[in-house]
Amino acid sequence: MLRLELRAAPSRLALYGSPLLALALTALSCGCLFALLGKDPLQGLALFFIQPLSSGRALAELSVKATPLLLMGLGLCVSYRANVWNVGAEGQFILGAIGGAGVALEATPHSGSYLVALVLLGGTLGGVLWAALVALARDRWNASEILVSLMLVYVAEQLLSYLVQGPWRDPAGYNFPQSATFAATARIPRLLSGSRANIGAPFALCAAFVCWLVSRRTHAGFRLLVGGLAPAAARYAGFSSRAALWTACLVSGAFSGLAGALEVAGPLGQLTPYVPAGYGFTAIVVAFVGRLEPVGVILSSVLLSMFHIGGELAQSRLGLPKALTSIFQGLLLFVLLACDTLIERRLRWLPGLGRASRAST
Amino acid sequence: MFRLELQGITKRYPGVTANDGVNLQLRPGEIRAVLGENGAGKSTLMKVIYGAVQPDAGELRWNGTALELGSPRAARALGIAMVFQHFALFESLSVAQNVWLGLERGPTLAETSQRMTALGAEYGLPLEPARPVHTLSVGERQRVEILRALLATPQLLILDEPTSVLAPSAIPALFETLRRLARGGCAILYVSHKLDEVRALCESCTVLRAGRVTGSVDPRQESNASLSRLMIGVEPAPLSRREQPPGEVCLEVEALSRTPLEPFGVALRDVSLRVQRGELLGIAGVSGNGQRELLALLSGEDARSGPGQVRLFGHDLAGASPARRRELGLGFAPEERLGRATVPSLSLAQNTLLTRREPIRRGGWLDLGALRQLCARLLSTYAVRAQGPDAPARSLSGGNLQKFVLGRELDATPQLLIVSQPTWGVDVGASAQIRRQLLALRDAGSAVLVASEDLDELFEISDALVVMAGGRVSPRLPLREASVDQIGEWLSGLWPRAAASAAAAAGTAAAAAGTTGAPHA
């Protein structure tokens with residue numbers, strides 16, 4: 001009989017091996033899924049795991065998708081490590097897009113290059129504002145940050161919808177609900193001409209480094225960590241739980257807002273009702289698959305953007321529904337949580353167990 | 001024929017052999033002590049007997065037949081019951097509901113209540129089945145656990161440090177119950193590290209050290225010294241202290257009343273006390289009488305004290321954060337070492353940072369090298385047995401973790417150190433070291449406030465005592481005027497109320513004149 005036993009110490013091998021095992025199991029189950037749908041499993045899996053890495057263009061596309069996931073995943077790591085469950089990164093992302101667009105729409109072809117910085121700043125402030133509402137509700141009225149942040153996503157969607165159909169609608173846009181295209185001076189500079197990759201990716205990588213530095217090397221990072229792991233110990237040490245709540249909310253709001261501005265002033269170039277593409281929810285998976293560690297989040301954001309691109313390819317090339325992306329994401333998180341059991345526990349084969357329990361009954 | 005016979009029980013965990021060829025024999029009706037320091041392997045051995053842990057080698061014979069226990073459920077079916085040190089009761093349910101929930105099949109709630117009342121009368125464990133558990137004292141909760149075990153009419157009862165939660169006055173009653181049970185043929189394994197109790201109750205004793213049996217003796221024929229030699233290999237040196245008059249007033253609490261922060265907490269009622277430099281004041285009392293709430297108000301974890309109610313060296317502490325209090329010279333070691341005094345999953349070096357600010361550089365940057373050095377110094381100075389500064393806090397045994405926590409606080413040379421249950425669950429050797437360190441701090445002129453359930457300990461180290469009961473604090477009693485009987489009476493809240501304020505005033509006036517508070521020899 002197989003039995004789960006507590007390990008004396010958490011296994012390091014399992015800690016790093018568990019995401020790989022989870023990935024393998026996810027690929028295996030999805031391969032079965034392809035076979036059931038009557039497609040060649042290897043061909044299907046290749047769309048998810050090989051095609052997105054196959055060419056320069058594909059890699060550029062990957063970086064465009066991974067950038068918002070990485071930024072938001074980093075913010076959520078800070079938040080979740082502090083035990084603050086902000087699940088409304090999507091809403092903060094939308095407000096970031098609105099804030100960035102608000103600045104970008106004021107740009108003229110003659111504006112200086114500083115304007116891009118203002119666009120990003122506007123987006124960051126938008127995200128901070130939206131997350132501040134969450135912190136305020138929790139701090140003042142002890143409202144669950146999970147519910148408040150989630151519901152604010154829908155408010156943000158309505159606000160976006162109002163803006164693109166009302167005050168910010170492009171007068172020359174044939175009544176389509178979208179803003180005017182931003183002036184070139186307000187657009188995020190590209191890394192190479194002709195490539196879709198823009199400066200957002202190096203930006204996000206720098207942010208990951210800063211997150212790592214702050215969480216490992218500063219007292220502020222330490223205070224957040226303690227507050228999340230053991231609230232009683234934080235109280236004992238005198239670390240303020242209110243400060244932790246506000247920091248966690250505002251930092252994750254800022255990262256999501258920045259991601260929103262990068263998206264709207266980068267690949268999109270205008271504000272449309274299609275800004276919310278679900279990145280904010282995928283980022284939750286990114287944060288957990290990345291072990292709430294900056295380096296892990298870099299890897300998981302790339303992985304989940306591969307799923308994203310793979311889903312689109314499966315739709316166009318194999319005629320499969322795009323919902324496959326969500327299935328991949330959901331399975332990965334589900335299997336990962338199961339595999340994590342092996343960090344603290346191990347499976348043991350107990351030959352004598354069956355006999356003893358029979359004897360006792 | 002033996003009720004239980006263990007032969008060569010061996011259990012290895014990675015890095016440590018918890019049990020190494022342990023033999024033990026137990027006859028029906030025998031009360032046998034299992035004596036040993038923390039980490040000696042007592043708990044593992046009990047878990048093996050209770051079926052919660054499978055041994056790597058060795059044989060377990062029950063009434064003469066060899067068997068392998070797959071689970072606690074199988075053990076219970078054989079008639080093995082265990083009363084754990086930490087209770088598993090639902091606060092909001094009644095006594096009978098709690099017991100009924102744990103039963104595997106059969107009786108209705110009403111039948112359970114009846115059987116409990118009958119059993120309670122038989123064994124001298126009076127309990128009202130309908131009372132909600134949160135209204136029970138710790139001693140009464142233990143009775144619930146024992147009754148729960150007795151309902152299964154066990155042939156073997158295991159008790160894990162049962163007196164650690166009891167008032168001294170409640171201990172004889174527990175012993176009487178256990179003797180009655182033994183006369184009925186039930187074998188009892190009594191796990192403890194308290195030598196006096198073992199000698200008073202048990203007729204045989206298995207001593208464990210580092211996983212091995214170091215002796216199987218009749219404790220009534222042994223002295224405390226010979227037992228502790230078996231247990232730790234050496235006898236602890238006697239404590240010494242310097243005679244000194246107490247100095248200036250360090251901590252003053254005036255008429256402090258507070259409703260508890262937590263549900264089922266204890267309200268503090270009109271608490272006044274003061275601690276002077278160079279003295280060690282003990283707070284006696286069974287846990288759950290407001291000590292936790294009072295100490296949280298002193299440490300700043302609960303900053304709701306009113307203006308002027310708590311003063312440290314004349315500074316009003318109303319609204320002051322724990323960090324601010326630490327700057328003023330306060331050190332605090334709470335009774336929960338894991339989860340409050342330390343973060344279980346973080347390294348010892350990181351845990352050092354909870355209360356120490358030396359490795360923090362300008363701008364909040366951490367000097368990780370300095371932090372590791374500080375932590376390594378604490379580990380060596382305070383003889384903490386750990387793998388090093390990187391070992392997670394939860395990998396330490398209770399005693400070693402307490403040495404680390406106290407070392408961290410002592411090393412900051414606090415002007416006032418507040419310690420709750422300094423040696424709770426700590427083995428004899430480490431306890432002696434901890435008491436010596438507390439006295440050394442007092443000798444060096446700091447004030448020390450110790451809340452403890454262990455009266456022997458307080459009589460050993462205090463200069464004066466107060467008693468806490470029901471959220472109130474008794475007048476202070478210089479140690480040489482205190483007797484165990486009187487403190488025992490006060491533990492139930494029966495101190496002379498009318499004279500309380502007068503006595504307190506007289507006591508402090510005399511203390512200021514330097515005539516009382518002279519250490520007890």
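These notebook entries record what I looked up in chain B of a predicted model.

**Entry 1: overall build.** I began with the secondary structure of chain B and found 17 helices and 21 strands. I then checked the radius of gyration, which is 24 Å for chain B; the globule rule gives 24 Å for 521 residues, so chain B is as compact as a globular protein of that length. I also looked up the extent of the C-alpha trace, which spans about 70 × 55 × 45 Å along the principal axes of chain B.

**Entry 2: burial and contacts.** I asked what share of the 521 residues of chain B counts as buried. The share is 50%. Turning to contacts in chain B with a separation of 6 or more, I noted that 68% of them join residues 24 or more positions apart.

**Entry 3: a sheet.** I followed an open sheet of 6 strands in chain B and wrote down its order as S6-S7-S8-S3-S9-S10, with mixed pairing. The edges are formed by S6 (80-83) and S10 (212-217) of chain B; each has a single partner strand, so one side of each is left without a neighbour in the sheet. From one strand to the next, the twist averages 20°.

**Entry 4: inside the sheet.** I examined S3 (residues 31-36) and S8 (residues 187-192) of chain B, which run parallel and are joined by 5 bridges. Within this part of the sheet, I located B:Val34 opposite B:Val191, the latter in S8(B).

**Entry 5: a helix on the strands.** Last, I asked which strands helix H6 (residues 171-183) of chain B lies across. They are S3, S7 (156-160) and S8 of chain B, and the helix runs at about 150° to S8(B).

Methods: Residues numbered from 1 in each chain as written. Chains lettered and ligands numbered in written order. Predicted model: local features only at pLDDT ≥ 70, side-chain atom pairs only at ≥ 80, totals over all residues. Helix = DSSP H or I, 4+ residues; strand = E, 2+ residues; numbered from the N terminus. Rg over C-alpha atoms; globule rule 2.2 N^0.38 Å. Buried ≥ 20, exposed ≤ 12 C-beta atoms within 10 Å, placed from the backbone. Contact = placed C-beta atoms within 7 Å. Pairing = 2+ DSSP bridges. Axes fitted to C-alpha atoms, helices over the stretch in contact; angles between N-to-C directions.
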